[in-house]
Amino acid sequence: MTTLEKTTEDILQLASAHFKVPREQLNPTDDFFKKLGINSLQALDLLTRIEQHFHIELPDYELQGVSDFRTLAERIQSRL
Amino acid sequence: MKSFQGKALSWRVSDGTIELLLDRAPCNEIGSESLVELEKFTAALESLQREAHALIITSARAEGFCAGADLRELYERSQRLPPAERIAAVRDFLERIHRVMNAIDGVPLTTIAAVHGVTFGGGFELALTCDLIIADKMTRFCFPELRLGLIPGFGGIPRLKRDLGNGVVRDLLLTGRSINATKAQSVGLVSQVTGEGDALRVARSTAAQIEKFDRETAMAAKRFIKPIPHEELRREIEIFCELFTKPAVEEGLRKFVESTDALPYLP
């Protein structure tokens, strides 16, 4: 069973690889918009990569108000 | 015109395939300039179709295929007009874009939308005019119009209903959520999902396959299986125009145009 910690780590790895930010500079409580410097279109891109990685559907309205990696991981975890 | 280079799009004929390339920053929003050039394209289709067997519609923008109608232009133009004239201007735009969409939908060629990234609203509706949708795996499809107090106005609902089950149509329309290419393929919207950056290559390969078939037979098959839902398209324009008079629409457009939200594209 995938734990919240593993899910969070996977997201951080995905974000690091795709947005070219060193993994060690990313923390679970970081605001990913600010930390990754991404706009709304890039956030959709991240959402698609997350859906593909975890083989889930994550409706984008579930991301309203979510801006840190840990809460994002919780939303994903609830669909695994 | 065998080829054309405009401000919002270009087209050319290559190996018996017409390629229509959308290229207007930031993400091919369809405003009056795009509409004029799309009208030029559909006028040119009359002669182009004689030397082609397929049409591919694609985008040069990295952000995606098309983010839909140019809401900024729609809002700013509406603000410049007296209230009584706004609805007439909107109706005129809708009538014209419907003529363009219907012309592409019914053209006697096999048509392919090669899409990637954001394929929202009017962009989704443009893709739905095509016989096949070939999607890069990073594509997202969405009808976000309800957040503006509107319904899709470029023929989206009747065409989606023509192609898919009503439950899927209601899900996309009533939640305004976006779905990825894999989901779109699983519900029957997308014919092929490709790797990143590969949709156009696969569309060209598909067009080459189509060339092997007798064109008259292919067009007989298309006419038989792909009727244009004219009555529902007319009704869509009427509903859109009725909704457009409501104060909630002006407020929704203003909020979108002035938005500094991190996620203005999400419902």
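The legends below describe close-up views of a predicted model.

**View 1. Chain B as a whole, with its helices and strands.** Chain B of this predicted model contains 11 helices and 11 strands. Its radius of gyration is 18 Å, close to the 18 Å that the globule rule gives for 267 residues, so chain B is as compact as a globular protein of that length. The C-alpha trace of chain B spans about 55 × 35 × 35 Å along its principal axes, and 45% of the 267 residues of the chain count as buried. Among the contacts in chain B with a separation of 6 or more, 77% are made by residues 24 or more positions apart.

View 2. Strand β6 of chain B, which covers residues 110–115, is mostly covered, since 6 of its 6 residues are buried. In a regular strand the side chains alternate between the two faces of the sheet. Both faces of β6(B) are covered, with buried T110(B), I112(B) and A114(B) on one side and buried T111(B), A113(B) and V115(B) on the other. Strand β4 of chain B (residues 54–59) pairs with β6(B) in the parallel sense over 4 bridges, and here L55(B) has T111(B) as its bridge partner. Strand β8 of chain B (residues 132–136) also runs parallel to β6(B) and is joined to it by 4 bridges, with A114(B) standing opposite I134(B).

**View 3. An open sheet of 4 strands in chain B.** The strands of this open sheet follow the order β5-β7-β9-β10 in chain B, and their pairing is mixed. Strands β5 (64–66) and β10 (179–180) of chain B stand at the edges, where each has a single partner strand, so one side of each is left without a neighbour in the sheet. Strand β7 (residues 118–120) and strand β9 (residues 140–142) of chain B run parallel and are joined by 3 bridges; V118(B) stands opposite R140(B) in β9(B).

**View 4. The packing of helices α1 and α4 in chain A.** Two packed helices are described by the angle between their axes and the distance between the axes. Helix α1 (residues 4–19) and helix α4 (residues 69–77) of chain A pack at an angle of about 120°, and their axes are 9 Å apart; the crossing of α1(A) and α4(A) is right-handed. From α1(A), the residues L4(A), T7(A), T8(A), I11(A) and L12(A) meet F69(A), R70(A), L72(A), A73(A), E74(A), I76(A) and Q77(A) in α4(A). The residues of this contact between α1(A) and α4(A) divide into 7 nonpolar, 3 polar and 2 charged.

Key: Residues are numbered from 1 along each chain as its sequence is written. Chains are lettered from A and ligands numbered from 1 in the order in which they are written. This is a predicted model: local features need pLDDT of at least 70, side-chain atom pairs count only at pLDDT 80 or more; totals for chains, interfaces and linings use all residues. Two strands pair if DSSP finds at least two bridges between them. Helices (H or I, at least four residues) and strands (E, at least two) are DSSP runs, numbered from the N terminus. The radius of gyration is taken over C-alpha atoms; the globule rule is 2.2 Å times the number of residues to the power 0.38. A residue is buried if 20 or more other C-beta atoms lie within 10 Å of its own, exposed if 12 or fewer, and partly exposed in between; C-beta atoms are placed from the backbone. Two residues are in contact if their C-beta atoms, placed from the backbone, lie within 7 Å. Axes are lines fitted to C-alpha atoms, for helices over the stretch in contact, and angles run from 0 to 180 degrees between N-to-C directions. A crossing is left-handed if the near helix is turned anticlockwise from the far one by less than a right angle, and right-handed if clockwise. Ala, Val, Leu, Ile, Met, Phe, Trp, Tyr, Cys and Pro count as nonpolar, Asp, Glu, Lys and Arg as charged, and the others, Gly among them, as polar.
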